[in-house]
Structures are given as C-alpha cells and as structure tokens.
Amino acid sequence: KKLDKIMQWGGAGTGGEPVIYNLFGYADVVETLPPSDFMIQIWDAVNGSIVPNLTRMGYSVVMSHSDYVYLDCGGSGWVQPGGYWCGPYHEWYKLYGYMQDVASSWSTTVEELRAAGVVGSETLMWGGEADEQYFLSNVWPRSAALAVAPWTNPSAPGWCEAVPRMQRQRE
C-alpha cells in the first residue's frame with residue numbers, strides 16, 4: 001500500500017546549535033519536501049512557531065509544541081540538578097485547552113486552524129526518564145485530555161465540563 005504522506009518533523013530551533021531544526025527556512029524546501037508528499041510534525045513553542053508559515057506553504061501539520069504537549073516537562077533533574085530542560089509540568093487541564101490557546105494566541109479559531117492544514121496534535125514522552133510507573137501516571141490523563149478536546153471543542157475554561165468525562169474514562 002502506498003503511503004498517503006510521509007511525516008517529517010521540524011521546528012524553529014534556537015540559534016547557534018549545530019543541528020538544523022528548521023529545514024523549512026530554506027527557499028527550496030517545497031521542492032525538496034513537496035507538501036503533496038509530506039506532513040510536518042512541529043516541535044517548537046507556540047510563540048514563534050513555524051506552523052503558520054508551513055500551512056501557508058501548503059503543508060499539513062501535526063502540532064507538538066513543547067510548552068504544551070511534552071509530557072516529561074517539569075520532572076526532577078536526573079542528569080543534572082535543577083529539573084528537566086523544560087518546565088513546568090503540564091497538567092491535563094492545560095492540554096485540554098491546547099488548540100483553543102493556540103488559536104487565541106495566533107488570533108484565529110480552531111476551525112480556521114483545521115481549514116489551514118492543522119490536522120491534529122500529539123503528546124510526547126521521551127523515554128529517558130520513563131519507567132512503567134512514571135509512564136502510566138504521566139501519560140494518562142494528559143494524553144486523554146488532548147485526545148478528547150478536538151472532538152468536544154471545549155469553550156474557556158473548558159476543562160470544568162470535561163471532569164465528569166475524564167472520571168468516567170479513568171473508571
């Protein structure tokens with residue numbers, strides 16, 4: 001079976017790093033990674049994200065902004081003191097309002113994001129700190145909150161109306 005599209009990741013990155021995170025800053029990227037063949041998963045932050053530029057270029061996008069969906073953020077430091085590289089811990093309430101927060105931040109609506117090419121989001125849990133107990137307690141209910149939000153299109157504050165559904169899901 002032929003794949004519909006290939007998933008490529010990208011993000012804004014930070015200056016001075018030896019790794020190039022933002023392939024999409026290059027003028028020939030559309031010829032190299034044609035939007036008809038590639039879907040982009042974004043790993044950057046909502047503020048300054050390259051998502052709006054990518055959707056204008058015709059790409060379908062899966063959003064994975066570190067300031068919302070990185071599930072290992074906010075943990076204690078195990079490689080060095082002072083905590084993990086990103087923080088704070090993102091509670092399920094924050095993930096439930098992710099799409100609405102992005103839309104508000106970018107002065108648009110969730111429906112306009114979808115129409116522009118945002119096809120969804122994904123939570124990320126890096127395995128370096130995740131044993132079975134950490135995984136279960138940190139992935140659920142936050143991933144469940146992100147999964148249900150696009151189907152319910154919550155209003156602000158939104159998460160209050162989700163509490164009974166989240167409790168039923170847990171049971």
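## Close-up views of a predicted model

**View A. S107 lies in the loop between α5 and α6.** The model is predicted: local features need pLDDT of at least 70, side-chain atom pairs count only at pLDDT 80 or more, and totals for chains, interfaces and linings use all residues. Residues are numbered from 1 along each chain as its sequence is written, and side-chain values use heavy atoms, with hydrogens and water left out. Helices (H or I, at least four residues) and strands (E, at least two) are DSSP runs, numbered from the N terminus. S107 is not a glycine, yet its phi is positive, about 50°. This residue follows α5. Its relative accessibility is 69%, so S107 counts as exposed. Exposed means over 50% relative accessible area, buried under 20%, and partly exposed in between (1.4 Å probe, protein chains only).

**View B. Overview of the protein chain, with nine helices and four strands.** The order along the sequence is β-α-β-α-β-α-α-α-α-β-α-α-α. Of the 171 residues, 40% are buried. Contact means heavy atoms within 4.5 Å. Among contacts with a separation of 6 or more, 60% join residues 24 or more positions apart. The accessible surface is about 10,000 Å², and carbon and sulfur atoms hold 56% of it. Areas come from the Shrake-Rupley method with a 1.4 Å probe; for residues, only the protein chains shown count as cover.

**View C. Confidence along the protein chain, with a mean pLDDT of 81.** pLDDT is the predictor's confidence in each residue, from 0 to 100. A value of 70 or more is reached by 81% of the residues. Among the elements, strand β3 (residues 60-63) has the highest mean, 95. Helix α9 (residues 159-170) has the lowest, 77.

**View D. The largest nonpolar core, with 33 residues.** A nonpolar core is a set of buried Ala, Val, Leu, Ile, Met, Phe, Trp, Tyr and Cys residues joined through side-chain atoms within 4.5 Å. F24, L54, Y59, M63 and Y98 touch the most other members. Two or more residues come from each of β2 (38-42), α2 (51-56), β3, α3 (66-69), α5 (98-105), α6 (110-116) and α7 (132-139). The most come from α5, which gives four. A second, separate core has seven residues, including W92, A144, A149 and A162.

**View E. F24 and L33 are in contact.** Neighbours within four places in sequence are left aside here. F24 then touches Q8, W9, G10, V29, L33, I40, I50, L54, M57 and Y59. L33 lies in the loop between α1 (29-32) and β2. Its relative accessible area is 11%, so L33 is buried. With neighbours within four places again left aside, L33 is in contact with Q8, L23, F24, F38 and Y59. L33 and Y59 are 26 residues apart in sequence, with 9.6 Å from C-alpha to C-alpha.

**View F. V51 in helix α2.** V51 has 1% relative accessibility and is therefore buried. Beyond its neighbours within four places in sequence, V51 contacts I42, V61, M63, H65, W106 and V118. V51 and M63 are twelve residues apart in sequence, and their C-alpha atoms are 7.8 Å apart.

**View G. Y68 and Y98 form a tilted aromatic pair.** Rings of Phe, Tyr and Trp (its six-membered ring) pair if their centres lie within 6.5 Å; planes under 30 degrees apart count as stacked, over 60 as edge-to-face and the rest as tilted. By this rule there are four aromatic pairs. The Y68 and Y98 ring centres are 4.9 Å apart and the planes meet at 35°, so this pair is tilted. Y68 is in helix α3 and Y98 in helix α5, and the pair links parts of the chain 30 residues apart.

**View H. Charges over rings at Y68 and Y89.** A charge sits over a ring if NZ of Lys or CZ of Arg is within 6 Å of the ring centre and within 35 degrees of the ring normal. K94 places its charged end over the ring of Y68, 4.5 Å from the centre. W92, Y93 and Y96 form one aromatic cluster.

**View I. A cis peptide bond between W140 and P141.** Omega is about 15°. P141 lies in the loop between α7 and α8 (142-152).
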